[in-house]
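Here's a quick tour for anyone opening this structure for the first time. Have a look around, then read on.

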Amino acid sequence: MPIVTALRSFLNNPQAIPKNIFLRLPKTISHEPHIFVFGAPRSGTTLMKLILGAHPNLSSFGYETGLFMYRDIYGFTYERFTATEIADLIEQSQDIVQFYDKFTQHITQQTGGQRFIEKTPQHVLRLKFLLKHFPNAKFINIFRDGRDGYCSARHHQNVPQGKSIVRYAYYWKKCINARLRQGENENIFDVKYEELTNDPEQVVRQIMNFIGEKYDSRQINPKYYSQNTITQDTRQEFRKLSKSIDQSSQGRWKKELTESEIKQFHEIAGRELEILGYIKEGLKVGTDHLLNSH
């Protein structure tokens, strides 16, 4: 949620500001085996959510919750929940962590799944908080070439960073570094969008092993993973989610970006592109912003 939108939500409900602050100072630790999916915008997080949600033990209906970003919890809405149900769950909770446990329990009771898949790309910016308060959770972080991410984001009405390559590059860089700062962690699985689309079965098998669930071949079959509210959306950015997983969205930047745009992205986030292996040896992007070692 953009900061302006978040501030507006608080100003529309000023009497709830003290309660919001209190709820966001958690005292509890969740011991539930939640699953979180995140990454920079347009990195393939929605596809990952759908793939996981096609498993009979996992539930992934609805859009992003954005619960751990700065937003008015008292204005929170979600598919299949009435305003009264949300208000009751908030009143029963000591803090945002306990609310999330109760919220996901309600979902799994409705859907029959055992675990809920929370997918909010920007939650990568809250990774330190999530690792601390959800020590038994599994976190799936999606990396994607930021130049391709921008090609996708600039056509997406819900990604404000996509309005400018400079703005997107800085935000992509911020998301990548938020993940890198946490280092190696047994509860985090990093996957590249390119690897997922090159060999879906192998990558999904690895992810299912990571989260402790058995791989189901229906997970990479669009007939099954497209059964979600998101794929019923007729907007252009969601159409590909009903099709078979392929490599057609890889390397878009080579055809769609101008030399000037590529240079701008490299000047801002060339260091992160190199760390992730997206800048090949010999590509001239300047040396002042590149790491000597990693």
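Two strands count as paired if DSSP finds at least two bridges between them. Strand 2 and strand 3 are joined by two bridges and run parallel. Keep in mind that you're looking at a predicted model. The protein has 294 residues, and 54% of them count as buried. It contains 14 helices and five strands.

- The five strands make an open sheet, and its order is 2-3-1-4-5, with parallel pairing.
- Strand 2 (58–59) and strand 5 (188–192) sit at the edges with a single partner strand each, so one side of each has no neighbour in the sheet.
- Is strand 3 mostly covered or left open? It's mostly covered, as five of its five residues are buried.
- R115, I117 and K119 point one way from strand 3, while F116 and E118 point the other way, and all of them are buried.
- Helix 5 (residues 96–111) lies across strand 1, strand 2 and strand 3, and it runs at about 120 degrees to strand 3.

**The nonpolar cores**

- In soluble globular proteins, nonpolar side chains tend to be buried together.
- Here, the largest nonpolar core has 54 residues, and F36, F68, F99, F103, F134, F139 and W172 are the ones with the most contacts inside it.
- Several elements each supply at least two residues of this core: strand 1, helix 4 (83–91), helix 5, helix 6 (127–133), strand 4 (138–143), helix 7 (146–153), helix 8 (165–180) and helix 14 (259–275).
- Which helix gives the most to this core? That's helix 8, with eight residues.
- Leaving aside residues up to four places away in sequence, W172 touches A40, R144, D145, G146, F265, A269, E272, L273 and L276.
- Another core lies apart from the largest one; this other core has 22 residues, including I51, L196, V203 and I207.

**Salt bridges**

- Side chains of opposite charge can pair when their charged atoms come close.
- How many salt bridges does the structure hold? There are eleven.
- One of them joins E256 and R154, whose closest N and O atoms are 3.8 Å apart.
- E256 belongs to helix 13 (residues 253–256) and R154 to the loop between helix 7 and helix 8, so this pair ties together parts that are 102 residues apart in sequence.
- Both ends of that pair count as partly exposed: E256 has a relative accessibility of 30%, and R154 has 27%.
- R179 and D190 meet through their side chains in another salt bridge, at 2.8 Å from N to O.
- That pair links distant parts of the chain, with R179 in helix 8 and D190 in strand 5, eleven residues apart.
- R179 is buried, with a relative accessible area of 4%, whereas D190 counts as partly exposed at 31% relative accessibility.
- R271 and E272 form a salt bridge too, and their closest N and O atoms are 2.4 Å apart.
- R271 counts as partly exposed at 25% relative accessibility, but E272 is buried, with a relative accessible area of 0%.
- There's also a network: R154, R252, E256 and E261 are joined by salt bridges that share partners.

**Two loop residues to look up**

- R42 has a phi near 65 degrees, a positive value in a residue other than glycine.
- You'll find R42 in the loop between strand 1 and helix 3 (45–53).
- R80 has a positive phi as well, near 75 degrees, and is likewise a residue other than glycine.
- R80 is in the loop between strand 2 and helix 4, and it counts as partly exposed, at 47% relative accessibility.

**The whole protein**

- Among contacts between residues at least 6 apart in sequence, 74% join residues at least 24 apart.
- The protein exposes about 14600 Å², and carbon and sulfur atoms supply 48% of that.

Definitions and conventions
Residues numbered from 1 in each chain as written. Predicted model: local features only at pLDDT ≥ 70, side-chain atom pairs only at ≥ 80, totals over all residues. Heavy atoms only, no water. Helix = DSSP H or I, 4+ residues; strand = E, 2+ residues; numbered from the N terminus. Contact = heavy atoms within 4.5 Å. Axes fitted to C-alpha atoms, helices over the stretch in contact; angles between N-to-C directions. Core = buried A, V, L, I, M, F, W, Y, C linked by side-chain atoms within 4.5 Å. Buried < 20%, exposed > 50% of the residue type's maximum accessible area, 1.4 Å probe, protein only. Areas by Shrake-Rupley, 256 points an atom, 1.4 Å probe, with all protein chains shown as cover. Salt bridge = Lys/Arg side-chain N within 4 Å of Asp/Glu carboxyl O.
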